[in-house]
Each structure stands twice: as C-alpha cells, then as structure tokens.
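Here's a quick briefing to read alongside the model.

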Amino acid sequence: MIHAFVKKGSFQDSVSLMIISRKLSESPEVDEVSVMMGTPANKSLLETTGFWHDMFLDATPNDICVAIRTDNTDPAIIDFISSELEASLEALAQGQRGGKKLLKVRRWDSALKKLPKANLLLISIAGEYAADLAEQAIDSDKNVMIFSDNMSLEDEVRLKSKASSKGLIMMGPDCGTSIISGAPLAFSNVLPQGNIGVIGASGTGIQELVSQVALAGQGITHAIGLGGRDLSVEVGGVSALTALDMLANDTNSKVIAFVSKPPAEAVRQKVLDAMKAINKPIVALFLGASHEKAREGNVYLANTLNQAAELAVTLAKVEEMAEQSSKVPGKKIMGLYTGGTLAAESAMLLADQLGLQTDSEHAKGVMLNAGGHKVIDLGDDFYTVGRPHPMIDPAVRQQEIIKLADSADIGILMIDVVLGYGSLLDPAGAVVEAVKKMHAKRGANQPIAVIATVTGTEQDPQCRSAQVQILRDGGIVVCETLPQAVLLASTLIDTIPAAKAISPAPLLEGVNVINAGLRSFAEDLQSSDIPVVHYQWAPVAGGNEKLANLLKKLQ
C-alpha cells in the first residue's frame, strides 16, 4: 500500500531529493520511498510509477510530496519517515565545505547585487522551469550553462540563438561538464593548466579526453560543454560555433580538441568549415561519422577518444617547441637517416602531411623527393659499398649535413640518432659536430632548424638521456616520436598568415557564477576559490502558471 504526506513550502533541488529518497528507502520498515517536488511533471511520474496518492492533488511545485510503499498498515510509519526526512533536510542545510559560509540569496536581483561581476548562470533546477530562468539571465547579458534536461527543443533553439546574437554562449540543456578559467562547473575534474582548449557535445566524452590529456602530462585551458543536441539538425551547432570562436580568440589555447556525439551530417560539415577557418591545429572527433581523410587542412580527424587525446597532446607539444624554434616559412625539408625503416616512415608521414607522393623506386636510398622536399636512407646499399654502415661510421652523414650549407632552399634538417650495441659510441656528438660546421658555412642569414629523434634506452652503452642532452646543447630540437618531428617540421615551414585582431571572450578571462539548483555545485565552486552566489530558486507564485505570467507582465 501507499502512505503519503506533503511538506508544504520547502523547495529543494531534485538531485538532493533523489539522494534522500534512496536513503529513506534503506529503512527496513518500508519497501521504497519516493520524495519529489509537486511539479506537474513529477505528479505525472508519481502516477506512472505507482506512487500516486490523492493527497498530492493540491500539492504545488513548492511542496515536497512523499510516497511510502510498504506492507506496514500502521499509519505511524508516516511519522517515522517524516522525522527521517526532516533530519535529512537539516543535514542538507547544515552541509558546508571548507568551513566557509556559502553566500545565498532568494531573488535574482539579490544575486546580481551580491555578485555584480557575475557572468555565468549555472542551472540545475527542474527542466520545465529552466527555459524561463535561462532567458532571464540572457536578458541580463549573462552566459548560461544548463545542467537540467527535459527542456523543449524549441526553447533550446530560441535561447541559443538569442544568446549568440548578444555575443554570449548557452551551454546545454543537458550539459553535464564544463571547466572554464579553472571553474569546475557541474561534473568536472581537477586538471593541470596547459595549452589545449576543449569543446564537447558530450559530458563524459570531455571528461575522458581531458583525463587522457592529463595522464599524458599535458593540461588544458578551458573545456566548454555544449549539450548533447547542439549538433542536431534543429539546433544547428549554434553553441559549437560560438565556442570555436571563443577558443580561436583565446591566446592561451594553442590547440583545440572537439568531441561530439553522432552529429547531423550537414551540421558536421558546417562546424568543420568553421574549424578550417581558424589558424590553429584542431583535433575533431565526430563519433559515428566516417571520413575519407585523416586530416583536412588544420583539422585532424580522430576516430576514438584515446586517439583524439593523443593527437591533441602531440600537437600541444609541437606548438610549445615551435614557439621556441626559428620559423622558416616556405623553406624545404631534408631528411638524412641512418635507419631505413625510420627514413621510410618519415617519408610516408611527410608525404601525408604535405600532400605529396613518396618515391616508389627508392633509388640511391631516396624515400621522398617531391615538392623540393627530400628524405634519404643513408644506410642504403648505395652508401655502404666499401664502407661501414653510417650507424658505425658517421662520415657519410656528416658530409651530407655539411653540404646543406650550399642549399639555401632547405630550412629543416631531420635526422635520427640510433643507440645500442654495435652503434657509434657517441652518435649525437658526431651529428652536433657536422651541424656546427654547416651553420658556420651558411651564416646567420640562412637559418636551418635541425630536428632529431633518438632510438634507444637509458641502459644502452650511450645512455639515451645523455645523448639527448648533447643534441639539445648543440641547438638541435629533440622530439619523442617521428610523428611529432614531422608535425614540428611542417609547422615551422608553414607560411605565416597575417595577424588577425583578437577579441578575447570575457568569460574565458574569469568566471563569476550564480548557481541555481544543486547546492553542491556552488560548494564545489567555492572550494575552488571561484566567486559564487547560490540562488535558492523556487517557482514563482508557487508554480501557478497563470499567476506567474501575470506577475511577469506587471514587472
């Protein structure tokens, strides 16, 4: 049977009531307890799930409806559950983190007065009321993040368009994750700062991607959530385009990573076109979407979250190295390798990166010879007739390196340094010696960047870290992998576009939050030293729609 009672005038957020419901249901005296606010949607749910009681007919959205399913016919069970509910609500009211008192208000105007620099409203109230509150914030020139779900598609389209027209962003509805300027909004993680900006129409997708980035030793600038429907045909990627523009104008975000649930194809193409117009490397993961190429201009297309994170981390490292290296726009790349497979992979990666064809004949060890770019395997038979392999005798490569002094069109030299038994005891030193002679002959007016990869371990006779240090002391950039080296080389020869005027988004320069709904979200922000005021929102006029509309007209 169902016992029931109503607690009048005590509005609470739905998540807190769900937690209380679970706790009360653990009592041995009952089978299950349902605790909900008396909104029309909740009343319908109570009826559908078999918890309905006629006592709920007169309950308003400001009243708590409690339904108790039990075989116990003693009405005293109501007193027991009521007492337990009061204890839970008291514990909720007392709950604070870090010993700091949370700033609370009961009116929107009061929230604006308490936090005059507020630039974001975080909403986690019942979805049927979220649209009106979001519109109020947008009309007050505030950005909005809506954790709540069950907002109509029509309201989402209308409000996102309205926000965009005012230079604002509306994240959500059903936006579970954002991390902006260090502010943990709803579900989020503690992450190191870095140079990767993240955008996602997938909350857990964002969390997995940024977690993988952190595990790889990199960090992020911001993670902007969009809500799961943003890339649908109806919504059209409104917030995705706004977020891309925000990160395009953020000088700290050197790389952008974008993740989306399966998008509408037309919207995917529209977003992809916007990405191509941004002068930054972008990793895009459109789950479920097929793509013929792994790269389209500055956009790298990933198939999995792990791949997207790996690409973003590699690009982030490349951007850091590029900032510390001399740019040689329009110049050509020469690869002089002692390892045949390393030469072949380098040629393949460069061809793919630059849109070229590798050399199919490999005559005289040439693995790539196109567009002025060249990759040679100096371990080819052509170079080892009557002489030791270049991993043993560095003379052949040293001669080829020094010859580059007369090749003004070459701006990048790529090399490998291979360690281990049988190899030269100091291959890095041999490279540095030749590079210094080449630099001296070329002169300061003809710079050439030298990029190396090192194959070997700390336990090898040459000691990997020692060889890396010799190279770096000689002015040579050392990359961890061949893909990283190729990306750096192509970045350094890119023609530098004319600088565009930057218009930083104020939201990315610091977040001040008004939180409406789940109190724990405000407490998380406060514990992270983010300015926040908790707006103890409750339905206007007790949820009476006619009276609420009348009051709105009178304002």
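How many bridges join strand β5 (residues 120–123) to β22? Four, and the two strands run parallel. A quick note before the details: this is a predicted model, where local features need pLDDT of at least 70 and side-chain atom pairs count only at pLDDT 80 or more, while totals for chains, interfaces and linings use all residues. Residues are numbered from 1 along each chain as its sequence is written, and side-chain values use heavy atoms, with hydrogens and water left out.

**Around β22**

- Helices (H or I, at least four residues) and strands (E, at least two) are DSSP runs, numbered from the N terminus, and two strands pair if DSSP finds at least two bridges between them.
- Together, β22, helix α17 (residues 519–527) and β23 form a right-handed β-α-β unit (with the strands pointing away from the viewer, the path from the first strand over the helix to the second runs clockwise).
- Within β22 (residues 513–516), V513 and N515 point one way and I514 and A516 the other, and all are buried (under 20% relative accessible area, 1.4 Å probe, protein chains only).

**Q467**

- Q467 belongs to helix α15 (residues 464–473) and is buried, at a relative accessible area of 2%.
- Beyond its neighbours within four places in sequence, Q467 is in contact (heavy atoms within 4.5 Å) with V417, L419, L425, D426, P427, A428 and Q462.

**Cavities**

- A search of the whole structure turns up two cavities of 30 Å³ or more; a cavity is a set of points on a 1 Å grid over the protein atoms alone where a 1.4 Å probe fits but cannot get out, and lining residues have an atom within 4 Å of a point.
- The largest cavity holds about 120 Å³ of space (the volume filled by probe spheres set on the points, which are joined across faces, edges and corners).
- Its lining has 15 residues, with T338, P390, P394, R397 and P427 nearest the centre; α13 (395–403), β19 (410–418) and α14 (427–442) are the elements giving two or more residues.
- The second largest cavity has about 40 Å³ of space, and its lining is R268, A284, L285, F286, A289, H291, L301 and A302.

How values were computed
On a 1 Å grid over the protein atoms alone, a cavity is a set of points where a 1.4 Å probe fits but cannot get out, and a pocket is an open set with protein on both sides within 12 Å along at least five of seven lines; lining residues have an atom within 4 Å of a point. Buried means under 20% relative accessible area, exposed over 50%, partly exposed in between (1.4 Å probe, protein chains only).
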